[in-house]
Amino acid sequence: MDSPIITPSAVSRRDFIKRTSIGASVLSGVSLPFVHAAGDDTMRAALIGCGGRGSGAASNALSTKPAIKLVAMADVQKNRLDASFEGLTGKHPDRMAVSEDTKFIGFDAYQKAMDQLRPGDVAIVATPLAFRWVHFKYAIEKGIHIFMEKPVIADAPSARRMLELNEEAKKKGIKVGIGLMCRHCRARQELFDRIQDGAIGDIILARAYRMQAPVATCFSEKRDEKLEPSELLWQIKRFHSFLWASGGSFSDFFIHNIDEACWMKNDWPTHVWGSGGRTDRGNFVDQNFDNYTCEYTWKDGTKFFFEGRNISNCQNEFATYVHGTKGMAVVSSAGHAPSNALILKGHVPVRLRESKSARIKKKSGDAPAAVEAAKLPDSVLWAAKQPEANPYDLEWEDFIDAIRNNKPYNELERGVAASVVTSMGRMACHTGQAVTYDGFMQVQHEFSPNSDKLTLDGPAPIKANAEGRYPVPLPGITKDREYNDMA
Ligand SMILES: NC(=O)c1ccc[n+]([C@@H]2O[C@H](COP(=O)([O-])OP(=O)(O)OC[C@H]3O[C@@H](n4cnc5c(N)ncnc54)[C@H](O)[C@@H]3O)[C@@H](O)[C@H]2O)c1
């Protein structure tokens, strides 16, 4: 693919990359020391978005030492907050300082929860991505460090806004963690260093896969208005189905593998093209395709192929491989953790069989051979030390260490860049056009411009047609945006 079509270039990608410093996990920033009243070194945390990952992230945070106390929780659904509170209280009874008065429900709940914190404390944000900039803005105003789950944006206006906000965060020394936990995996960090030192020669190709049965809420049938009277709340509950809420299945599921391939290459792609479609739309009314294929190009011309699929009963793969002039690297081979990272002579992949739970049964095709750690074949030049620590814990250990010891720490630009590169791939497949990094950054279509003004009884950012169906991408027909709103 030689002539990308979406190519406005007022934003210098080179400058952007320079500022993004892809290899580094910690960027510079002014310091905001963690200092409270004499004798009180207990950091306070507030959880905003008390679902599966929010509860997990809070648990990771509360597991760090010395003690952090969770003092407030916020959600738009009371049942999710209650379940999270119960689960966290069971796991961390001595770290929970949330009372009935500091549990908040609603779209403004995040403000009330952050109001329970002092400057230098920490907010944990794990709502769907549409609210990231809203929550980031308030945390900056309050001088609160913030951990935000991935992805951080799904469209260019939000990317630009997040980068602008980050300038303010940097001035105030606010530390920002982004939930791309694989970046904190020690095995992948060592692999990155080895690749940069030439262990596989020059990288000539990368390929990554997230091919699975449909997961989470990526496909949705028509809303039952009796059971779900609020269209907005229903869309939030099924956020993987809607581009405004999550960037769809593409952004939400695929970002980690796309990010780790770019990390190993130490570059963000200049452009991408791709294709995708929905094999069987059936009664589903959401916005996602069920398969996506992308060819990304890095600035030295080398390619990165990404395959994503959400279809049952197919051969699955959840892995990232990087090939060089001297051999190849397995960046991950069966999900996020353990990485089971390897450096291999030649280009025949090997899957390290580290634990029973990590075993994946392969039925056919080009599946890498699974080997026991004790019997590595001669082609393995280096293997990550086992067992590997959990990267979800490591990202919190690194973040809290930076806050407590006042080390520079701001992952926002990297998180935005990873989210942009992921969104570029999605946009390329959804429009049928090639998309450049610069071109994407100038797209004007904002999926949810009023994320800061939504109310529980107000309208949703996207509406269904009379049949209850939501607008879907039409490659080659709708070319400069991913969908048109229903008339
Ligand atoms: N890093 C990872 O590996 C990983 C894994 C899973 C999820 N995630 C990310 O975490 C985020 C949440 O995913 P999840 O699986 O926990 O979803 P979830 O539906 O289980 O939880 C989301 C919670 O946020 C709440 N919420 C929605 N909008 C809100 C708002 N405006 N204010 C307050 N609360 C709000 C919902 O009611 C829900 O309880 C997503 O961005 C997802 O991509 C990351």
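Just after helix α12, Gly432 takes a positive phi of about 75°. The structure is a predicted model, in which local features need pLDDT of at least 70, side-chain atom pairs count only at pLDDT 80 or more, and totals for chains, interfaces and linings use all residues. Residues are numbered from 1 along each chain as its sequence is written. Helices (H or I, at least four residues) and strands (E, at least two) are DSSP runs, numbered from the N terminus.

Helix α12 itself spans residues 412-431, and its 20 residues reach 27 Å from the first C-alpha to the last. That is close to the 28 Å expected at 1.5 Å a residue, where the expected span is 1.5 Å times one less than the number of residues. Because 20 of the 20 residues of α12 are buried, the helix is largely enclosed by the rest of the structure. Here a residue is buried if 20 or more other C-beta atoms, placed from the backbone, lie within 10 Å of its own, exposed if 12 or fewer, and partly exposed in between.

The axes of α2 and helix α3 (residues 78-91) come within 10 Å and cross at roughly 25°. The two helices are therefore roughly parallel, a label for angles under 35 degrees.

Several loops have backbone features worth a look. Between β5 (145-148) and α6 (156-172) lies Pro151, whose peptide bond from Lys150 is cis, with omega near -25°. A cis peptide bond also joins Ala337 and Pro338, with omega about -5°. Pro338 sits in the loop between β12 (327-332) and β13 (342-345), and Asn340 is also placed in the loop between β12 and β13. Asn340 has a positive phi of about 55° although it is not a glycine, and it counts as buried because it has 26 C-beta neighbours inside 10 Å. Asn266, in the loop between α10 (248-265) and β8 (271-277), has a positive phi near 60°. With 16 C-beta neighbours inside 10 Å, Asn266 counts as partly exposed.

How values were computed. Axes fitted to C-alpha atoms, helices over the stretch in contact; angles between N-to-C directions. Parallel < 35°, antiparallel > 145°, perpendicular 65-115°, else oblique.
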